[in-house]
Amino acid sequence: MANVKIELELDWMNEDDSLDETLRNEVVRNLQNRLIANVENKVTAKLNTELEKIAERVTENFITKTLEAKIEDIKIPYTTSHWDSKVEYIPISQFIGKKYEEHLTKKSLNEYGEKAEYNAKLSISEYFIKNYLAKELTGKVSSMIQTARKEAEETIVKALENNLKEQLSVDIINRLNIPKMLESLQSKALEFEKEE
């Protein structure tokens, strides 16, 4: 059997500390360093994502405001008719509004709502009013008429029932001669009381 002697030089170990205590301290220090590095990585990643969101929002707001300001400054030449030589410079938003109004009021449809090249009778707004609103109004008016007719019939029937009940009650009371019957019952009740 051979004896082997091993010598270790541990420069991080103090001569006053024991080997167990030094190893424990070193293990704890390594774990702390790993935990701190892990937390730093997570915080850095979260900060990066938040900074990206903030940067996106700021750049988007900047671009939007810049474009709005630039679009408001854009002026487009506009003439009221093809034969007019007078040119007016108007903002792009106003130009879009005028073109949209022209599109709605220009007669370009036939009575069936199809595009008509030569025999255009209706504009888009007229077609919409004529067909869609007419159908809606017709449906609503007919339902209102039905409801009113039903309520009127119910009111008339109830009025007739009440009138008939009143007339029948008076007629039955007169036919049965109830007041005389009540008087005779009272007199008989008085007679029974006297007998007792």
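**Salt bridges and burial**

Mentor: Start here: Lys53 and Glu50 join their side chains in a salt bridge, 4.0 Å from N to O. Keep in mind that this is a predicted model.

Trainee: What makes the contact between Lys53 and Glu50 a salt bridge?
Mentor: The label needs a Lys or Arg side-chain nitrogen within 4 Å of a carboxyl oxygen of Asp or Glu. The N to O distance is given as 4.0 Å, and the pair is listed as a salt bridge.

Trainee: Why can such side chains pair at all?
Mentor: Because opposite charges can pair when the charged atoms come close.

Trainee: How many helical turns separate Lys53 and Glu50?
Mentor: About one, because they sit three residues apart in helix 1 (residues 19-73).

Trainee: Why is Lys53 called exposed?
Mentor: Exposed means over 50% relative accessible area. Lys53 has 51%, so the label holds.

Trainee: And why is Glu50 called partly exposed?
Mentor: Its value is 37%.

Trainee: How many salt bridges does the structure hold?
Mentor: Three. Another one joins the side chains of Glu102 and Lys99, at 3.8 Å from N to O.

Trainee: Where do Glu102 and Lys99 lie?
Mentor: In helix 2 (residues 92-105), three residues apart, so about one helical turn separates them. Glu102 is partly exposed at 36%. Lys99 is partly exposed at 39%.

Trainee: What makes Glu126 and Lys107 a salt bridge?
Mentor: Their closest N and O atoms are 2.9 Å apart. The cut-off is 4 Å, so the pair qualifies.

Trainee: Why is Ser123 called buried?
Mentor: Buried means under 20%. Ser123 has 2% relative accessibility, so it counts as buried. Ser123 belongs to strand 4 (residues 122-123).

Trainee: Which residues does Ser123 touch, leaving aside those up to four places away in sequence?
Mentor: Leu104, Thr105, Lys106, Lys107, Ser108 and Leu109. Lys107 is also the salt-bridge partner of Glu126.

Technical notes
Residues numbered from 1 in each chain as written. Predicted model: local features only at pLDDT ≥ 70, side-chain atom pairs only at ≥ 80, totals over all residues. Heavy atoms only, no water. Helix = DSSP H or I, 4+ residues; strand = E, 2+ residues; numbered from the N terminus. Buried < 20%, exposed > 50% of the residue type's maximum accessible area, 1.4 Å probe, protein only. Contact = heavy atoms within 4.5 Å.
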